Amino acid sequence: MTRYPRALAALAAACVLMGAAAASAAGHAPPPAPLSAPVAPLRALALFVAPAAPWAGGHRGIDLAAMPGQVVLSPAAGVVTYSGRVVDRGVVALDHGGGLVSSLEPVAHAPPAGTRVVRGEAVGEVGSEPGHCAPDTCVHWGVRLDGVYVDPLDVLEGFGPVVLLPLADASAGGAGVS
């Protein structure tokens, strides 16, 4: 192996290890089960942007294209922990257990706090309030793990976090990334 591919492989391995160490140090374990999308079809209008600090700006969730009146589904089994208005829109929060909480807005006709729901069960419908996606309509889906906002795509069934893999050893007949 020449000097540069070996350095790239070492860098890739270091990135994987640093990511695992950071998640471990932060006390974050993978969620108990992947979540399903709260609206279908799944089409993101805006993606998650992690803030540089807990108080800094960012986009703490993803915006999913939706239509007013469209059914909003529970991403996993859980308990409704909040159902009501925040500022000018309806919000529903669901505790899925294991430190995993989803929040969805704007949602109208959500069940009251304390209601148990199963994965895929309707938890309301998309509200007609103009939101931060105007002129489009969207559902903002925020996910917290142990109180820290995480990218919903990292816990969405069929997606998950990006993981760098080491390059295959060229002398062993490997042709690239394994």
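Modeller: Let's start with Tyr-82, which sits in strand β4, residues 78–86 (strands are DSSP runs of E, at least two residues, and numbering goes from the N terminus). This is a predicted model, so local features need pLDDT of at least 70 and side-chain atom pairs count only at pLDDT 80 or more, while totals for chains, interfaces and linings use all residues. Residues are numbered from 1 along each chain as its sequence is written, and side-chain values use heavy atoms, with hydrogens and water left out.

Tyr-82 is partly exposed, at 34% relative accessible area (buried is under 20%, exposed over 50%, partly exposed in between, with a 1.4 Å probe and protein chains only). Together with Val-86 and Val-87, Tyr-82 makes a nonpolar surface patch of about 300 Å². For a patch, residues need over 30% relative accessible area and no salt bridge; nonpolar side chains (Val, Leu, Ile, Met, Phe, Trp, Tyr) are joined within 5 Å, like charges within 9 Å. The areas are Shrake-Rupley values with a 1.4 Å probe, and for residues only the protein chains shown count as cover.

Now for a buried charge. Asp-63, in strand β2 (62–65), is buried yet has no salt bridge, and Arg-89, the nearest side chain of opposite charge, is 8.7 Å away. A salt bridge here puts a side-chain nitrogen of Lys or Arg within 4 Å of a carboxyl oxygen of Asp or Glu; Lys and Arg count as positive, Asp and Glu as negative, and His and the chain ends are not counted. Asp-63 does have a 3.2 Å polar contact with the side chain of His-59, made through its own side chain (N or O atoms within 3.5 Å; within protein, one able to donate a hydrogen and the other to accept it, and sequence neighbours count only if both atoms are side-chain atoms). Leaving out residues up to four places away in sequence, Asp-63 touches several others, among them Arg-43, His-132 and Cys-138 (contact means heavy atoms within 4.5 Å).

Last, the peptide bond from Glu-105 to Pro-106 is cis, omega near -10 degrees.

How values were computed. Helix = DSSP H or I, 4+ residues; strand = E, 2+ residues; numbered from the N terminus.
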